[in-house]
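Hi,

Here is the structure I promised to pass on.

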Amino acid sequence: MSTAANETRSRGKAPAGERVADWADGRLGIYSLAKANMRKIFPDHWSFMLGEVCLYSFVIIILTGVYLTLFFHPSMNEVTYHGSYVPLQGQLMSEAYASTLDISFDVRGGLLIRQIHHWAALIFLAGMFVHMMRVFFTGAFRKPREINWLFGFLLLVLGMFTGFTGYSLPDDLLSGTGIRFMEGAILSVPIVGTYISFFLFGGEFPGHDFVARFYSIHILLLPGIMLGLVVGHLILVFYHKHTQFAGPGKTNKNVVGMPLLPVYMAKAGGFFFLVFGVIAAVSAIATINPIWAIGPYRPDQVSTGAQPDWYMGFSEGLIRVMPGWEIDFWGHTLVLGVFVPLLIFPLVLASIAVYPFIESWVTGDKREHHILDRPRNAPTRTAFGVAWLTVYFVLLIGGGNDLWATHFHLSINAITWFVRIAFFVGPVLAFIATKRICLGLQRRDKEKVLHGRESGIIKRLPHGEFIEVHEPLSQEQLHTLTAHEQYKPAEIGPTVDENGVERKVTGTQKLRAKLSESYYGEDSQIAKPTVEEYKEITSGHGHH
Amino acid sequence: MSSQDIPEENLPAEQDAPHGAAARPADEQHPFADPGLPPHEHRVQDIDEQAAKRSERTVALLFTLSMLATIGFIASFVAIPVDKSVYIWPLGHISALNFALGMTLGVALFAIGAGAVHWARTLMSDEEVADERHPIEAPPETRAKVHADFKQGAKESVIGRRKLIRNTMFGALTLVPLSGVVLLRDLGPLPGTKLRHTLWSKGKLLVNMNTDEPLRPSDVAVGSLTFAKPEGLEEHDEEFMTEIAKAALMIIRLEPDAIKDKRELEWSHEGIVAYSKICTHVGCPISLYEQQTHHALCPCHQSTFDLADGARVIFGPAGHALPQLRIGVNDEGYLEALGDFEEPVGPAFWERG
């Protein structure tokens with residue numbers, strides 16, 4: 001660009017944006033990246049925006065969180081409150097609590113940002129939960145997306161703990177009670193429990209350290225890991241290309257939809273503003289976590305109806321309904337009443353996390369899957385998912401047993417016993433019922449393919465018989481309803497080979513054959529209509 | 001756990017085989033064939049310029065609304081005092097500033113989103129296109145090349161041949177994180193017997209938590225629930241929180257005949273009994289007392305203790321009874337402790353025994 005001729009050329013021909021892009025390409029190679037991604041095709045389905053809700057609320061949480069750090073003092077020094085919230089003036093409280101009051105009452109807009117931060121966190125967790133269910137029930141976790149499933153799962157778990165450490169920071173009476181609960185749970189761990197507790201709290205509970213420590217975990221450690229996982233999650237979504245539902249023109253080898261530029265730039269970019277706008281409006285009208293009404297934490301005080309944020313509710317349920325078993329032996333105490341819930345808590349989460357690997361082991365399927373399953377077409381998977389949800393929601397009921405009791409005028413003893421029994425029985429019933437519903441829906445699909453859609457028109461035949469007219473489906477519909485795959489159960493095969501030599505069958509092989517039978521056996525799927533069946537019926541030989 | 005033993009025929013046919021990767025019309029043999037992408041249907045905006053103009057105006061209106069809302073946000077920030085409260089049905093009395101800022105910000109953001117989405121839905125091309133997918137697995141040549149490269153690299157590093165280097169390196173790498181672990185040691189002191197002791201000791205007066213006055217037996221009425229702390233523990237003390245977390249006491253008066261537990265009766269004074277207020281489940285302060293039944297209830301997890309029967313657990317997840325503090329009356333007629341709790345207060349732990 002040293003000569004005048006060059007300058008005129010670049011000025012005269014290339015617009016500024018293009019020149020900037022050229023400059024960047026020479027240093028970052030952005031054109032190769034843009035070539036692959038700028039017009040990348042994304043399929044359209046309402047359920048695909050659930051993940052977007054999570055992403056955007058995560059961004060909102062980071063934006064508002066950075067703002068809050070400007071005013072929040074992560075300190076447990078006791079101070080006397082002199083701020084503008086009259087009912088608490090003159091009270092002793094930690095600096096953390098006092099600065100949260102300042103954010104709420106003295107910083108203009110501080111309350112709004114605090115509420116957006118908290119609402120966005122609740123929506124982030126709810127979004128991840130529902131998004132995970134979408135991925136689970138449509139089988140989107142299958143190869144090649146298992147690692148992305150794990151990334152997402154880790155985000156959910158880390159999100160839960162980031163949320164917990166976050167709502168504990170204001171050091172109010174409610175969150176302090178939650179911390180006490182956590183400390184009690186840690187104490188129950190055999191051998192090392194007291195040590196972990198003393199190291200975490202810098203001595204005895206509550207000490208002077210946990211707010212500062214939770215602060216660095218909440219704003220640095222966990223969100224740092226999560227940011228990395230989110231980026232990895234998104235890179236993999238781009239790399240794998242999005243899944244799609246079966247339909248005309250949609251195969252396992254293509255992706256049908258609209259390009260990133262401009263349609264999804266506008267739709268997804270716009271959706272960020274929609275999510276942010278809704279959360280801002282909700283924060284304007286619905287108070288969340290009014291710490292001024294709860295008061296500062298004191299370990300000898302508590303209010304009734306103490307509840308964690310919703311995503312921690314199932315762990316609360318575990319601890320509430322577990323019988324208080326304690327075993328004393330040789331001068332030691334095994335606190336099963338608290339330790340067993342502490343063990344089940346990660347097990348509940350892990351059971352859904354490892355599911356994709358179990359399913360791929362049962363099917364032995366090593367192919368890539370980009371066409372989503374309709375939940376009915378994978379009855380065992382769907383039934384397992386619903387059983388898991390049943391456990392989760394039964395425990396949520398247990399976590400709020402006092403609120404259920406007061407709001408519905410029920411006996412708290414009865415609710416507790418209901419949860420204890422339903423924890424074991426509920427998932428079994430849910431499994432059976434879901435599987436039957438799925439099979440029923442499969443039968444209906446088959447019926448529709450073979451006999452057409454019920455038109456609601458009743459026709460009387462010349463000899464007096466009444467029949468309902470069925471309208472045949474279009475080719476698009478016929479294709480969509482028969483596009484799903486059906487596995488055959490894996491059999492162990494003959495245990496004796498052709499030479500009469502006995503073949504060894506290992507226990508895992510037997511287990512897999514059993515599981516495979518329960519997944520794909522006759523009772524677990526309805527064979528989809530074959531071309532022969534279809535021709536037999538439509539050729540006119542069949543009855544209407 | 002290999003899947004080698006699952007025969008190929010158990011896997012469903014290739015998804016595209018019966019349905020044809022290429023679109024085809026249905027015929028005798030293939031009634032379920034994939035008909036291919038349906039033809040694009042035009043929207044009203046694609047054929048009617050008037051409608052397209054209307055969409056354009058709608059989008060512009062939404063973007064303009066956003067601008068106005070942002071101006072409203074700034075105006076509210078400047079004009080509305082931070083402590084002004086306003087009545088808005090059905091929300092009740094709420095902070096005027098919070099409401100105004102939130103609503104204007106909400107509208108400013110939402111209108112941008114609504115405008116962008118409306119733009120995309122009505123004016124941008126809505127023709128569906130198909131992109132090819134490519135297998136993620138590398139082709140066999142690439143795979144072979146990478147394996148060969150790796151073997152070459154490993155060979156050139158001589159790590160396989162010089163075992164001494166390899167083993168000492170693994171040793172060093174295993175040990176070096178230990179420094180980091182050791183550094184965590186000073187996160188806190190060792191538990192020792194700290195969880196076994198509270199501030200209570202022989203002769204310490206029971207001080208009413210609310211009035212800060214030492215309690216006399218006459219201050220405790222039958223059926224009432226009084227919270228107490230040990231004499232000398234003040235709210236401003238450096239370790240107040242930690243000490244009260246263990247020493248918090250609840251005092252009730254029962255009719256001596258109503259006390260079923262023999263030791264409880266011995267450790268009481270004229271029917272006045274003192275129990276740890278800290279729940280033995282996970283440490284919530286117990287704060288609900290039902291005077292007719294003498295039951296104390298922890299509001300956190302609903303553990304219920306019978307204070308007339310050694311505070312044994314009668315419902316809920318707590319594992320053992322509340323520790324009782326032995327009390328008496330000193331020469332001046334004040335209630336005093338006759339020692340510390342005989343067992344650790346609060347949640348159970350491994351060393352509790």
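Predicted model: local features only at pLDDT ≥ 70, side-chain atom pairs only at ≥ 80, totals over all residues.

Ile279(A) itself sits in helix H11 of chain A, which covers residues 260-285. Is it buried or exposed? Ile279(A) counts as buried because it has 29 C-beta neighbours inside 10 Å, and 20 or more is what the label takes. Ile352(A), on the other hand, is 73 residues away along the chain, with 29 Å between its C-alpha atom and that of Ile279(A).

As for chain A as a whole, I get 21 helices and 10 strands. The chain has 544 residues, and 43% of them count as buried. Its C-alpha trace spans about 90 × 90 × 65 Å along the principal axes. Taking contacts between residues at least 6 apart in sequence, 72% link residues at least 24 apart.

Over in chain B, have a look at the open sheet: four strands, in the order E8-E9-E10-E11, with antiparallel pairing. Strands E8 (288-290) and E11 (312-315) are at the edges, each pairing on one side only. On average, neighbouring strands in this sheet are turned by 30 degrees against each other, ignoring direction. Strand E10 of chain B (residues 304-306) is joined to E11(B) by three bridges, and the two run antiparallel. One pair to click on there is Asp306(B) with Arg312(B), its bridge partner in E11(B).

Cheers

Definitions and conventions
Residues numbered from 1 in each chain as written. Chains lettered and ligands numbered in written order. Pairing = 2+ DSSP bridges. Axes fitted to C-alpha atoms, helices over the stretch in contact; angles between N-to-C directions. Buried ≥ 20, exposed ≤ 12 C-beta atoms within 10 Å, placed from the backbone. Contact = placed C-beta atoms within 7 Å.
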